[in-house]
Amino acid sequence: MSRQPSWLLWATLPAVLFVIAFGLWLHLERIGPTSIDQSWLELVGLTEGSVPYWIAVVLAEVGGGTGVVICTTKLTGFFILRRRLRSAIVLVTTMLAAIWILAMMWSRTALQVHWLTDTIAGAFIGIAVAVLVDEFWTLTAQRTRSPRFALWLAG
């Protein structure tokens, strides 16, 4: 197991600090959407009852509580069964994750449940957490000299 490049690990700090600073600015200075949020809403505005509207509603339902648990459980079971195909799994899950994130960002903003800036901040935090967790498990595996132990800890 190899560690992430050090720049990637250190890049998580400014990303998280940026989200915190932006949140404080919104809390102290703004009420309502920013101009970026308003422009995005005008671009993706949905007509109730249209096909894009129903796609957004389905994504919002599947992406919420129960849907996340069901999808995560299914993917976990699949990964356990296909354990030897690690490279393929990483490639497929990365592609699916990127598509899923963008689809959920569109759905949440088009339904006006979140502003665009909320979803971008959430993506920054999610990426930072993923990098930090990967670093933690890699260091654990290196210290114990047992990749299986690190995978057991992660499971």
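Predicted model: local features only at pLDDT ≥ 70, side-chain atom pairs only at ≥ 80, totals over all residues.

Trainee: What makes up the secondary structure of the protein?
Mentor: The protein has seven helices and zero strands, and read along the sequence its pattern is α-α-α-α-α-α-α. Of its 155 residues, 19% count as buried, and among contacts between residues at least 6 apart in sequence, 71% join residues at least 24 apart.

Trainee: Why are helix 1 and helix 6 called roughly antiparallel?
Mentor: The axes of helix 1 (residues 6-29) and helix 6 (residues 116-144) cross at roughly 150°, and angles over 145 degrees count as roughly antiparallel, so the two helices are roughly antiparallel to each other. Their axes come within 9 Å, and the crossing of helix 1 and helix 6 is left-handed.

Trainee: Which residues make the contact between helix 1 and helix 6, and how do they divide into nonpolar, polar and charged?
Mentor: From helix 1 the contact takes in Leu8, Leu9, Thr12, Val16, Phe18, Val19 and Phe22, while helix 6 supplies Thr117, Ala121, Phe124, Ile125, Ala128, Val131, Leu132 and Glu135. By class, 12 of these residues are nonpolar, two are polar and one is charged.

Trainee: How do you know whether aspartate 37 is buried or exposed?
Mentor: Aspartate 37, which is found in helix 2 (residues 35-44), has a relative accessible area of 3%; the cut-off for buried is under 20%, and aspartate 37 is therefore buried.

Trainee: What does the side chain of aspartate 37 reach, and which residues does aspartate 37 touch, not counting those up to four places away in sequence?
Mentor: Its side chain reaches the backbone nitrogen of leucine 116 at 3.1 Å, a polar contact being a pair of N or O atoms within 3.5 Å. With residues up to four places away in sequence left out, aspartate 37 touches Trp115, Leu116 and Thr117.

Trainee: Why does glutamine 112 count as exposed?
Mentor: Glutamine 112, in the loop between helix 5 (86-110) and helix 6, has 55% relative accessibility, and since exposed means over 50%, glutamine 112 counts as exposed.

Methods. Residues numbered from 1 in each chain as written. Heavy atoms only, no water. Axes fitted to C-alpha atoms, helices over the stretch in contact; angles between N-to-C directions. Helix = DSSP H or I, 4+ residues; strand = E, 2+ residues; numbered from the N terminus. Parallel < 35°, antiparallel > 145°, perpendicular 65-115°, else oblique. Left-handed = near helix turned anticlockwise from the far one by under 90°. Contact = heavy atoms within 4.5 Å. Nonpolar A, V, L, I, M, F, W, Y, C, P; charged D, E, K, R; others polar. Buried < 20%, exposed > 50% of the residue type's maximum accessible area, 1.4 Å probe, protein only. Polar contact = N/O pair within 3.5 Å; in protein donor to acceptor, adjacent residues only side chain to side chain.
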